[in-house]
There are 2 protein chains.
Amino acid sequence: MADHPPQSVSGTAENDTATITKAAADTATPAPAPTDVAVPARDGRGLQIAIVLYPGMTALDAIGPYEALRLVPGSEIRLVSNEVGPIITDSGVLALGATHTFAETPTPDVVLVPGSATDTPTAMANKELTGWLAAVHPHTKWTTSVCSGALILAAAGILPGHPATTHWFAQKPMALLGVESRPTERIVRSGKILTAAGVSAGIDAALWLIGEIYGTERAEIIQLLIEYDPQPPYDAGHPSKASAKVMGKAVAEMTRDSANVRSTVAIGTVAWQLALTKIRGRKRH
Amino acid sequence: MADHPPQSVSGTAENDTATITKAAADTATPAPAPTDVAVPARDGRGLQIAIVLYPGMTALDAIGPYEALRLVPGSEIRLVSNEVGPIITDSGVLALGATHTFAETPTPDVVLVPGSATDTPTAMANKELTGWLAAVHPHTKWTTSVCSGALILAAAGILPGHPATTHWFAQKPMALLGVESRPTERIVRSGKILTAAGVSAGIDAALWLIGEIYGTERAEIIQLLIEYDPQPPYDAGHPSKASAKVMGKAVAEMTRDSANVRSTVAIGTVAWQLALTKIRGRKRH
């Protein structure tokens, strides 16, 4: 890990688990190297990066990381879904094109699952999606999520037992799924699982991941290419910073957007599946 | 302008021109109100927002602002292009769906033009695109660009004579087109024209614009909804911050990506058009 990117990593009891926070290059110290997990090869050329698309997804969750990851020389980006073709996002207006089916992509090196403002439960109940995630995860170099994509990783059985982050609105549901919620962290790494907070956090996560796989210089080149030098004109990007009034209205809008017929049906399906999984997991005495 | 969002605005000789820099909400003072330009109505509900798509565009240039603008209640987002259907972006992998043609969208309230790593000259030579921009601009409330989209606004005759910003790689070409380059600024406003620096700067610009049109509270709600609380793991997002080695490699990659046959042909076309425009503009003595 000699070429470890500049960041501070606050370790936990397991040293394959780390919470990553911002650190300036000149003040950071190298993170302790995980010793009990497989460390992805530094020469990540030729890696196949599968970005999951599904109906109702939030576009920026995927396109932020995509725009950074696509700039890695020699990597292959695939936009994977149940079927090839247009996937309508949660705005109902923007379509993104899926290039490959899940079945066509049995061995991706990196998997990224975006979240949704409207259809996270629908995606959690999508057996083709969660079945594919469960099947490919043991073989990936990195399995990653952005925003409420973490709940989909949880539904696939990948995340329970791990610390993780997600959109602030989804931290409690994620914890109910057996995941250790880290609501104050923008990026959480647990072994080869990397989860990012809401929507735009995927950009930070992708740059971190690029540094981890391809080294600091490549991450910095890509940061410069996408001119990621953020200067938000407001400072309300996290519940700890927003006013109570802004927070209240944001919660009301998230609640409204996520409460649709598709989600209502899907939540029932997911709850049934989780209950049955517990029942089927019981040992005879 | 009583509800002006919190930001610092450094005025210039013309008071309809301002360079916008980051400022924490608690330290900012209200900007002086422009007096000689039309100020967009505060109640921006029902605004039609046209995001331009074209082959070879950079996806995040459009999708960053889209993800913020789509969260404005009551606004209509259109993804406009020469034709309806899939538009292949500069990665050659990701397609975005155009929902409306330019002809179908004669009176947008807000126009946003993304840049491209490969095809900015191609878009500058696209007469259907630049002709549409020139035709709708006099009637817009805001005309905006992200990244090298500024060069396309320049090719449409909208930007020359104005201060503006663009991707660091495109600042010199933009200046050659008669635009006052502001290479150190992430967002520049000149009257109703708003230009943003490279790629991810579109997110900052969109939040600023939402604050300007819809007020501070709406901008803060949207910042919270997309959890735009950036914590980049590196600090190389601007030429002033990147190392010489990282800068050199980034320039080499930008040069390589932008030097394709399409651009070579288009640059000739654009140069011809600019020369002829100058010749045709000559007065008899």
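In strand β4 of chain B, B:Val80 is the bridge partner of B:Val52. The model is predicted, with local features requiring pLDDT of at least 70 and side-chain atom pairs counted only at pLDDT 80 or more, whereas totals for chains, interfaces and linings use all residues. Residues are numbered from 1 along each chain as its sequence is written, chains are lettered from A in the order in which they are written, and side-chain values use heavy atoms, without hydrogens and water.

Strand β3 (residues 48-52) of chain B runs parallel to β4(B), and 5 bridges join them; strands pair if DSSP finds at least two bridges between them. Of the 6 residues of β4(B) (residues 76-81), 5 are buried (under 20% relative accessible area, 1.4 Å probe, protein chains only).

Contact between the chains (heavy atoms within 4.5 Å) involves 70 residues from chain A and 70 residues from chain B. About 6,500 Å² is buried between chain A and chain B, 60% of it on carbon and sulfur atoms; buried area is the accessible area (1.4 Å probe) lost by two parts on being put together, summed over both. A:Leu224, A:Glu227 and A:Tyr234 supply 14% of the area that chain A buries against chain B, more than any other three residues.

Between chain A and chain B, 10 salt bridges are counted, each defined as a side-chain nitrogen of Lys or Arg within 4 Å of a carboxyl oxygen of Asp or Glu. A:Arg218 and B:Glu253 meet through their side chains in a salt bridge (2.6 Å, N to O).

Technical notes. Buried < 20%, exposed > 50% of the residue type's maximum accessible area, 1.4 Å probe, protein only. Helix = DSSP H or I, 4+ residues; strand = E, 2+ residues; numbered from the N terminus.
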